[in-house]
Amino acid sequence: MTAPDHEADVLRAGVAGTEAESASSAQALDDVRADQQRLRLFAYLSAREHRTYLAIMRLFTSTLLADLSIGEVTAALAAAEREGRIDPGESELDTVVERLKQLRLWGNLVLGRRETIAASIAEFQHGSVRYQVSKLAVRVQRDVDALLRVPEGAREVSRELLPAIERGLGEIGSALSAAVAAESAEPGSKRARRTRERLAEHVTTVFLQHAELAATVRDFYAYLGEVVTRHHLAPDEISGFRNLLVEYIQMVVEDVLRHTETIAGSLAGLAGVRGELIRLLGPADQLGTEVERARGRTAADWQELTDWFVDAPGRPSQVAALREATARAIGSLLASVKRATSGSGLLPGRRGELLKLARWFDEAEPPEAHRIYAAAFGLYSARHLLPAPDYDSDNHDVPWRDGPVQDVTVSVRSRGDRGARGRTSRVLDDPMTEESLLAEAREEDARRGAAVAELASAGDRLADTRLSGEALSVLCELLTLAMAQRDSSDDPGSALDPVHRLRVTIRPEAGTHTRISSSAGTLTLTDAVLDVHGDGAIPAEATR
Amino acid sequence: MSATKAFDELSSIDASNVVRCARALLRRPLLREGAPDGDLLPMIYRQRAALHEVFSSLLGYRLVVERRFARLYKAGPGADATRGEPGLTPRGYAYLALTLATLTGIGRQVLLSRLVIDVRAAAVEAGVPVVDDPADRRALTAALRHLVALGVISETEGTVTATDSTAEALITIDTDLLGQLPAGPIGTSAGPAELVESAAQAGPRSVEHVVRRRLVEDPVVLYADLPAEQREWLLKNFGVESRLLERFFGLVTEVRSEGVVVSDPEDYLTDTLFPGTGTVARVALLALPRLLECGEPRESDGRHPVTWDDLTEVCGELIESYPAAWSRQATEEPAELVRSVADLLRRLGVLRGEAADGTATTGEDHGELTWWLSPAAHRWLPEPDATPVPGREPEPAPAPEPPGLSLFDDLEEDGSR
């Protein structure tokens, strides 16, 4: 406990705060001890024989002013043992004495007055002690019984208390003014006392109603919170939620919001006269200072009530919290209902599976974890080798080492990635065919070049030269073109080999026979003259 | 193929669209808007009937198609440890599962801080110890980033990478995608081993589906690796399968006496491009012919034995022969390069480590394992586009070389082209 807290405590208790600092820390230590002492009141609940202890405590709390001797307790326990509510043998006298002593040690029971009238000497010796229950132990036992009785489901919110509180606050207002008027008119009169008592009645009622309302709201939302964070929803639960959702939560929140405004107004009005109100409710002189006052008798109680309904800067009211919690709960519930009913979405039941999976992952070695991931999520891509084979590459009888292979050029010239991947193009980059075709073309070129050169060098002496077969076929080719140029057989015609610039001209000339001999035979042209013009440099270029 | 009636009735354009969509789904089983290939979603939605039919009848895969996403529920890959997320450690995976578990109950939006608190709470619930050290935070961040990549969560404000900055990130959850993530039988499995095994199980037409899945998903399928029943089925049906894979998935088979390699002529349907352009991929490819010479293939499945020392030596020679070709990192850390090369070849199903008892393993203890090169490694004939630096023995000519090629090789080296 911190010092300021402690000082506040001191002030609240009405004790003059004159102790030295060292004393206050000693006090704090004492408080801790006192708390521990009080918490021991719960010890019997977790003891092994808690059924017996509970039976004893119920016996003591069942009547007002219970003051029981050991004999009476034993008799009551004997009945309980017959009904099987406690373990056999627990009602024996010695055991009962033991249990009662233990309860006294924990502070649940206190010694009552000593019994002097005993039915026997033995009784006097054994159980001359009567026991009573301590005040706090009653509180504990009451809470325990309430807790044990509470069902699992949602707790109904006492919405009907809201209008009652609203009305009650209004009545406090009027009762207060009546009390103040009576007090000022005739202090201490009977009427003044009566009006004060009416005021006290209203105040107590309002606070009780509010305590009940706040408790039910808190319980309801605690249940709701449990539900919305739980994920194993059974189908009937889901249909239940729908009612809970659309009907109940909405109704509660609407009610709260509807009444909040009036209540807040009344509270604001009472805040101004709070001092007067508390004075009129009066100090509990007759009960002394060490007393637990009824609710509504201190400024702190009123502040708490106001805070429940009215927002303060930096501290949202419970109503605002309620509204927010509702929005959140509806959101989550809708999501769960949608998930559970739509079939899509992660089934809430999978949470457990995923937690299990997480443990497997965490315990696995890396390769194992990769395997689990692939198996659990199936998100991996198909994987294949490149490049694709030819369509005719299914050679089922051939092993890979003998089968056709994929040529892949790998760039090793630099770090850059030029043309390293993929297959070599079959058409554009077939070097063998390309080379052979090129060679063929070159050879062809060379042969033609030689033939043209031969013709050109023959030139005018064509008639005297014996041409090669190649040269003759080139001559015939050009001659055909030249003749095709003419309109009639009387016109001259000419043709040009465009690459080698060799021109062949044919002119009609009656009576002239041109004879061209070659290794492939002799060509005779009747009534025609043939001219061949060529450039000496051309053949050299043609052969390159 | 009566099982694919809807597909058979499609026009040729529609059929080719279905093939395209099917390929996209095989490549990316969770396809969503805004992600790569996400623009195919309208077409996938239009062709969903035919796609459902193709996947369910041919592969036994479940397909969920919505307008915003498509999810192909693949079976588990079995013992293959290379199909995970390389960036995630076991702890990262654990956080992934925990985050998913947490997200199931959270609704639409959550602050990052709240999510992290809830994830840690879930970790306690799951019995996963949480230590808030940098490594742990990195694992969590990696898991969250992976979920962002999957599209399950998105950063509405701020970013998940800045976990320890003061700016608060708001996470938006795509609950539909979230629900589509788990695919395997997690709930019914008693342990991780059982999960891996049962996820890989096929449905009623088990043999056919199992073998075809392997053909579609795996780079190399050797007959010797298949159980007897599946092997017989594949040996009997590889002709039909070839046509079927081409017709429905645009894939081309390469059948040899040892097994089947399936390839994609469009170089699309794979997450690992090989041959590739990176240093590791090029070294791996150039190393293959040399490695294959290191030992005679064993009778049972045609795999060639190699040792870790062989790998190290061949990689070392390649580094020296072509000094300009490789990344600086590779030349400075040759051991790391060897490991990367081995990992790549393992991913491709070309290299396999075996423990002493002959079972395939994915253990990391490289020296202890026996390594086997798949006969499919013979399918490439890598050709460096430059000669090795002088002063070293030139690389011996790669194994079976068709005679016609030597002409071109000579021309190439003479620089006549």
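**Exercise 1.** Which residue of β14(B) does D407(A) stand opposite?

*Solution.* This is a predicted model, where local features need pLDDT of at least 70, side-chain atom pairs count only at pLDDT 80 or more, and totals for chains, interfaces and linings use all residues. Residues are numbered from 1 along each chain as its sequence is written, chains are lettered from A and ligands numbered from 1 in the order in which they are written, and side-chain values use heavy atoms, with hydrogens and water left out.

Start with the strands (DSSP runs of E, at least two residues, numbered from the N terminus). β4(A) pairs in the parallel sense with β14 (residues 380-384) of chain B, over five bridges; pairing requires at least two DSSP bridges. Now look across from D407(A): L381(B) is the residue opposite.

**Exercise 2.** Find how much area is buried between chain A and chain B, and which three residues of chain A lead.

*Solution.* Buried area is the accessible area (1.4 Å probe) that two parts lose on being put together, summed over both. Here the value is about 9400 Å², with carbon and sulfur atoms giving 60%. On the side of chain A, R383(A), L385(A) and W400(A) supply 12% of what that chain buries against chain B, more than any other three residues.

**Exercise 3.** Look for the salt bridges between chain A and chain B.

*Solution.* Apply the rule: a side-chain nitrogen of Lys or Arg within 4 Å of a carboxyl oxygen of Asp or Glu.

How values were computed. Helix = DSSP H or I, 4+ residues; strand = E, 2+ residues; numbered from the N terminus.
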